[in-house]
Amino acid sequence: MKANKAFCAVLSILTAAGILSSCGTSNGDGDTSQGGNNKKGVTLSYAASRTWVNRNSTVDDELNQKFTDETGNQIDFQISPDDQYANVLQTKLSTGEVPDIFMTGSGVGAQIYKPDKYFADLSDQEWVNRYADYAKKITQIDGKTVGFMTWCVDGYAILYNPETYAKYNLSVPTNYAEFEQVCKTLMDNGITPVYETGKELWHWAAFFGQVGPLACKNYDGDLYADLNSNKVKFADIPELEEYLADMKKAYDAGYLGENSLSNTWDSAYEAMASGKYAGILVYESWQTELAEKYPDCGAENWEMYPVPFAGNNMYSPSASAIMRVAYKDSERLDVVKEFFDFLAEPENLQLYYDNNPALQPNPSFSDIAARPTKGGETFVANAAGGAGEDINSSILYWNDQLAGSGIQEMLMGTKTPIEVLQALDADRQKMFDATEE
Amino acid sequence: MNYNKIYSKWFWVPAFAIFFILFLLPSILGVFFSFTNWNSMSESLKWVGLENYKKIFESGSSIRPFANTIFFAVMTSVLKGGFGLLLALALNRRVYGRNALRTLFFLPMVLSNVIVGLVFQQIYHPTTGVLNQFLNLLGMGSLAHGWIIEPGLVMWSCVAVEVWKASGFNMVIFLAGLQSVPTDLYEACDMDGGSAWQKFIKVTLPFIMPSVVINMLLNVISGLKVFDVIYTLTNGGPGKMSEVVEIVILNEFAIGNYGYGTAYSTLMFVVLIIISVSVIKRYAAIGGDSV
């Protein structure tokens, strides 16, 4: 009897110990060799958001395999869904399970990942000298280059079919009144002026973000710096309120479609190819994707113009792009740098950009030839007011989801434009309060 | 040999260890963090006392998520229970294909909530959705709506999905309860000239009361914890019209405001504990613990 009791007790403790030990942290390694430089057979962990790698191709897998063939070192992709990637990455960082390589947005958006603590200084790498000017600027934090970027920055504007506009003698609108005239004519002819993918909160945020350069231009000082130091609030900027009011007017008039709050981003390709819609708010290279999916619609010849709300007439590229970051305290930092060197080889860069048409208009490396889209060229040509960076990637504690839901509330009439801005300020204030020393 | 004696002394250890490490400890830590400024930007934690809770109660925007959560929990509990009971009563009789029908009604329960949310997103689409197309086909186009984009309808649409999905689960529990009703009581009731309604109220209901209580307990708790169905169906939208507490917590964590998010989650934890303890006490009072 006593033996049985003792046996059961030991069994219970061993079971508990076994289960608990499996909950412990691993070194996240996967190495077949440890320590020292120039390791062979090392596995690098690499965290990325789903649509940031292998975009309509398998080029990232191909390059990883090529790296493995050349060096014997492997890449272990840790892919998360787009809408959860930021949460997953922050959890990994805060629990100490930091990947050797992780992708983040550059610029102000990278601040939430504590660059001082996690980002390796890559300033002395050879490929930094080959960066395009904008890439050099937006991958720097406190004067140090902290990201390896093979991306492209471009802006959002209304992409339209010039043949449709020509058919009804319409010209590019430069303010809301002209936009209204264009929309009325199109609607009288059975065409919805703009296909808005309004189910996606981030898309409303992108819509709103385009007013940033205009607001900066009219502001006495550095608007983004003042917003980021909490010296000024969104609600204090009249252009933002006017822009939102114009969005609401356009929505109420049906210019953005009857059921736009149900439209998903994925549905936009088919909708635009159908010819039922005259325009859509997209990034400059989107027309390349559309032309690939629907070659007959002639999307490669479509043009773009700035969203003319609140008199906006400016080119508004993002101040951020996706970059790869090397974990500062990784035991395999030397292999990570070797991997970045490998990706930066001209042949590999070319392969990467050839397989990423959406990134070709404005590559981050100066030795890769840019292939601007017709939309991008006309966007710049139609932006008589000049250029500036959009809001979304320039503002600390900006959140597309919160901004998008606030705008949706305004469209449904439960918030006024100024209340949307006040709500955005209140959400940011929570973070300013939380980080107050 | 009395094996029960051994089990009672030692076999609770692994289960308790798992429960403690994976549930109790994080919950206790969560309560602690809710009194701090824990966020993604600061290296150090600062004790802020009740500041996070104060902000929740002071903020006008906190009312809707709590109201939506309670609305969802109450409506789904009542409707799932009601439909589940009707199905159980119907399928407790000798009807053709009874087992197949029981399986059919239970089947939605095994589907992933994410898949259900995405499928209903398509069904509810105002122009391409099956629901409106079906109404139009029947000549009832005036009843067609933007089911998940109209502020007044969106929460009802979310409730409908949950009721469709989980009524079968309620049915199974009620069916188990119905097996405990002695048939001779129905015969006695028949002899006394009792109507079907009287038989249900006087005979069936008292015997299935434990099933009612356990169904309500599970329904209310799952309703208050709702996340995935609403997240995939509406993501709390349009605007914040269908935002529930769990989505607020996710959003706060997404912007790195962990302390504030944890305060929300602690509040929900307290509400769930109060409801659970109350219902379990009620369950014990009506003798459910002896079943």
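A residue counts as buried if 20 or more other C-beta atoms lie within 10 Å of its own. I keep that cut-off at hand for this predicted model.

**Entry: Ser77(B)**

I started with Ser77(B) and counted 24 other C-beta atoms within 10 Å, so this residue is buried. I found Ser77(B) in helix 4 of chain B, which runs over residues 63-91. Leaving aside neighbours within four places in sequence, I listed its contacts as Met216(B), Asn219(B), Val220(B) and Gly223(B). I also checked Ser77(B) against Gln198(B): they are 121 residues apart in sequence, and their C-alpha atoms are 24 Å apart in space.

**Entry: chain B overall**

Next I stepped back to the whole chain. Chain B has 13 helices and 0 strands, so my sketch of its pattern, read along the sequence, is simply α repeated: α-α-α-α-α-α-α-α-α-α-α-α-α. I noted that its C-alpha trace spans about 75 × 70 × 30 Å along the principal axes. Of its 291 residues, 35% count as buried. Looking at contacts between residues at least 6 apart in sequence, I see that 72% join residues at least 24 apart.

**Entry: helix 8 of chain B**

How far apart should the ends of helix 8 be, at 1.5 Å a residue? For its 25 residues I expect a span of 36 Å, and the end C-alpha atoms are 35 Å apart, which agrees. I did find a bend of about 40° at Ala166(B) in this helix. Helix 8 is mostly covered, with 19 of its 25 residues buried.

**Entry: helix 9 of chain B**

Is helix 9 covered or in the open? I looked through its 9 residues, 183-191, and the number buried is 0, so this helix lies largely in the open. Just after helix 9, I noted a positive phi of about 80° at Gly193(B).

**Entry: the nonpolar cores**

I then turned to the largest nonpolar core, which holds 161 residues. The members that touch the most others are Ile158(A), Leu159(A), Phe208(A), Ile280(A), Leu281(A) and Cys158(B). Helix 8 of chain B, residues 154-178, gives the most to this core, with 8 residues. Domain 1 and domain 2 of chain A both give residues too, so the core lies between them. As a reminder to myself: in soluble globular proteins, nonpolar side chains tend to be buried together.

**Entry: domains of chain A**

I wrote down the bounds: domain 1 covers 43-153 + 319-359, and domain 2 covers 156-314 + 399-434. Their centres, taken over C-alpha atoms, are separated by 30 Å.

**Entry: confidence**

Last, I checked the scores. Chain A averages a pLDDT of 89, and 91% of its residues score at least 70. Over residues 18-37 of chain A, however, the pLDDT is below 50, although this stretch has 19 contacts in the model beyond near neighbours in sequence. Where pLDDT is low, the predicted coordinates should not be read in detail.

Chain B averages a pLDDT of 89, with 95% of the residues at 70 or above. For the complex, the predictor gives an ipTM of 0.75 and a pTM of 0.80.

How values were computed. Residues are numbered from 1 along each chain as its sequence is written. Chains are lettered from A and ligands numbered from 1 in the order in which they are written. A nonpolar core is a set of buried Ala, Val, Leu, Ile, Met, Phe, Trp, Tyr and Cys residues joined through C-beta atoms within 7 Å. A residue is buried if 20 or more other C-beta atoms lie within 10 Å of its own, exposed if 12 or fewer, and partly exposed in between; C-beta atoms are placed from the backbone. Helices (H or I, at least four residues) and strands (E, at least two) are DSSP runs, numbered from the N terminus. Domain bounds come from an automatic or database domain assignment. The expected span of a helix is 1.5 Å times one less than its number of residues. The bend at a residue is the angle between axes fitted to the seven residues ending there and the seven starting there. Two residues are in contact if their C-beta atoms, placed from the backbone, lie within 7 Å. pLDDT is the predictor's confidence in each residue, from 0 to 100.
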